[in-house]
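User: I would like to learn how to read the disulfides in a model. Please take me through them step by step.

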Amino acid sequence: MFGLRSVAGFLFAGSLSVLAQEFEPSLSHTATFAEQGVNGTFNLTISEGSMSYSFRLLVDQAAFSSCDLKEEGLTYHIHSVWLHEDKLSGTFEECGAPKTAGHWDPTFACGSSSSQLKMADGSVNPECISYNKETANTPASVAAEYTCGFGGVCEVGDLSGKQGILYANGDEGVFEGSYTDALPEGVSVQTASEEFLADLQVPDQPAWASMVFHCAPTNARLFCAFFSH
């Protein structure tokens, strides 16, 4: 059986020459959740100037008893990698940082969960927009300047930071929505395509490889899925 990254590498390799010549007007991907306690899809389309997404998930409260889905709700973010080779969705520890990393953040907004916040040695990334070269801020102090939802600059992948917490629709455990976000300057179909092809950590994947849902008050990762092309 081919591993996920092996299959992805085979599929994406055939697209390299086409994408190098002409970028598509949009990129469309779907994350499919098929786990005990959660089923549904999250559809993402990156177009010039905007990023649209729609989703409908059926979530069983009993499977996620540590979080009150109706009262506490969920936060949700696009994460940077998917390091499972044998599955397309997961729950709990399968969604942890070793498997999905942090938030997709191509503009270096650098909240506390950004994949861009820290360098390999644990120091703050000097590309972060709130980094102060004179004071050599720590990652914690830079992340403290993150102001998504208050008129500040949001990580592109911090969807709930821009749209708010999700709450179950009635008693059925249905989470659904449809939104369009403006893409910040410097992020386009072309740059997203380049990230898709050239992410240095996982060459077969984009730098926006997975979708992760968290329990809102605790930030605990509950369920996640890979964005398939």
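Analyst: Start with handedness. This is a predicted model. The torsion about the S-S bond of C95 and C224 is about -85°, so this disulfide is left-handed. C95 sits in the loop between β5 (89-91) and α3 (97-100), and C224 in strand β8 (residues 221-228), so the bond ties together parts that are 129 residues apart in sequence.

User: Are C95 and C224 buried or exposed?

Analyst: Both C95 and C224 are buried.

User: How many disulfides does the structure hold?

Analyst: There are 4 disulfides. To read the pattern, number the bonded cysteines of the protein chain in sequence order. The pairing is then 1-7, 2-8, 3-4, 5-6.

User: Is the disulfide of C67 and C215 right-handed or left-handed?

Analyst: Read the torsion again. About the S-S bond of C67 and C215 it is about 85°, so this disulfide is right-handed. The pair links distant parts of the chain, 148 residues apart. C67 is in the loop between β3 and β4 (74-79), while C215 is in strand β7 (residues 210-215). The S to S distance between C67 and C215 is 2.1 Å.

User: Why do C67 and C215 count as buried?

Analyst: Compare each value with the cut-off: buried means under 20% relative accessible area. C67 counts as buried because its relative accessibility is 0%. C215 counts as buried because its value is 1%.

User: What is the handedness of the link between C148 and C154?

Analyst: With 90° about the S-S bond, the link of C148 and C154 is right-handed. Their sulfur atoms are 2.1 Å apart. C148 has a relative accessible area of 10%, so C148 is buried. C154 is at 18%, so C154 is buried as well.

User: Is V59 buried or exposed?

Analyst: V59 has a relative accessible area of 4%, so V59 is buried.

Technical notes
Residues numbered from 1 in each chain as written. Predicted model: local features only at pLDDT ≥ 70, side-chain atom pairs only at ≥ 80, totals over all residues. Heavy atoms only, no water. Buried < 20%, exposed > 50% of the residue type's maximum accessible area, 1.4 Å probe, protein only. Disulfide = S-S within 2.5 Å. Helix = DSSP H or I, 4+ residues; strand = E, 2+ residues; numbered from the N terminus.
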